[in-house]
Amino acid sequence: MEPDAAWTARLARYKGPELWHSVWQLASAAALFVGAWALMYVSLHVGYWLTLLLAVPACFFLIRLFIIQHDCGHAAFFRSARAADIVGSIIGVLTLTPYHYWKKTHAMHHATSGNLEHRGFGDINTLTVDEYLARSRWRRFTYRVYRHPAVLFGVGAVLHFFVRHRIPTIVPREWTRERRSILWTDVGLLVLIVVMGTLLGFREFLLVQLPVTLLSTAIGVWLFYVQHQFEPTYWEHDERWAYDAAALQGSSYYRLPRLLQWATGNIGLHHIHHLHPRIPNYRLQRALEDHPELRRVPTLTLWGSFRCVGLTLWDERQRKLVPFAAVRPL
């Protein structure tokens with residue numbers, strides 16, 4: 001593969017938004033989400049089983065809105081930074097993700113993905129085998145609990161989005177804009193709950209919104225997980241770390257069925273996104289089609305991706321992620 005400077009130049013023609021395309025995607029995603037939400041509300045009078053069934057498409061429409069928030073954070077959705085910040089901040093209330101806080105930490109993730117010396121922001125916490133073995137028995141236990149699927153995609157996802165994202169002090173004191181973002185997202189969320197609860201009933205609002213949010217947070221964490229946590233992924237020490245290698249070897253091409261690729265806003269083409277984050281989601285597929293060599297990267301299918309759940313530790317000697325069972329504590 002070519003160095004990052006060459007890829008940046010080759011992919012530059014795909015970067016930057018088309019206003020009509022961005023507006024249409026935003027309007028259609030919002031309309032689909034509102035429509036699905038309204039159907040869920042009406043279905044409460046039919047049976048809650050139908051409400052829960054409708055929560056599945058509704059959660060994917062919310063994920064599409066999150067992808068728009070994501071693109072706004074990368075300056076890939078609108079040429080106007082102000083428009084991007086406004087749209088991203090509004091969507092952040094629905095996704096429980098403070099926009100400016102997420103924008104900063106996600107930029108850090110892009111700048112350091114796969115760098116062993118810069119773990120901690122915007123990542124799934126990953127230890128090397130040696131780091132794990134050097135821990136006390138209790139700290140090994142807590143790491144095993146953290147990496148358990150029920151915690152990562154269930155309890156942990158709920159705590160992360162419902163609780164952690166509500167606390168301004170999770171960021172350093174000097175991050176004033178990010179702290180304000182968390183605070184104003186909390187205010188927006190409170191206003192949304194009060195207004196919707198007053199108009200529709202607090203119980204009814206909870207019965208509709210809660211399953212949508214729980215499903216979308218779990219699927220969102222899953223998508224982020226499989227984009228970087230797979231067996232031949234990339235982790236390297238600072239002196240040998242390279243941006244292009246981290247993008248091409250440490251970001252997966254998650255080859256989903258066409259409907260799921262649409263529903264997740266092409267985020268499965270994650271290696272291309274990491275090569276050039278300013279490419280809007282609706283141009284990622286074209287970039288892939290125009291550059292067949294970008295298919296020769298770590299590729300996951302939907303069913304094959306489930307095998308990634310058991311990969312928990314980076315083995316620096318074998319240069320791959322391994323499960324706990326492959327390591328014997330001293």
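## Salt bridges in the predicted model

A salt bridge is counted here when a side-chain nitrogen of Lys or Arg lies within 4 Å of a carboxyl oxygen of Asp or Glu, and by this rule the structure has 12 salt bridges. The model is predicted, with local features requiring pLDDT of at least 70 and side-chain atom pairs counted only at pLDDT 80 or more, while totals for chains, interfaces and linings use all residues. Residues are numbered from 1 along each chain as its sequence is written, and side-chain values use heavy atoms, with hydrogens and water left out.

## A network of shared partners

Arg240 and Glu239 meet through their side chains in a salt bridge, at 3.6 Å from N to O. Through salt bridges that share partners, Glu236, Glu239, Arg240 and Arg319 are joined into one network.

Glu239 is exposed, its relative accessible area being 61% (buried means under 20%, exposed over 50% and partly exposed in between, with a 1.4 Å probe and protein chains only).

Arg317 pairs with Asp130 in a salt bridge whose closest N and O atoms are 3.2 Å apart. Because Arg317 lies in the loop between strand 4 (313-315) and strand 5 (320-322), and Asp130 in helix 6 (residues 129-134), this pair ties together parts that are 187 residues apart in sequence; helices (H or I, at least four residues) and strands (E, at least two) are DSSP runs, numbered from the N terminus. Arg317 is exposed at 62% relative accessible area, whereas Asp130 is partly exposed at 35%.

Glu231 forms a salt bridge with Lys320, with 3.9 Å between the closest N and O atoms.
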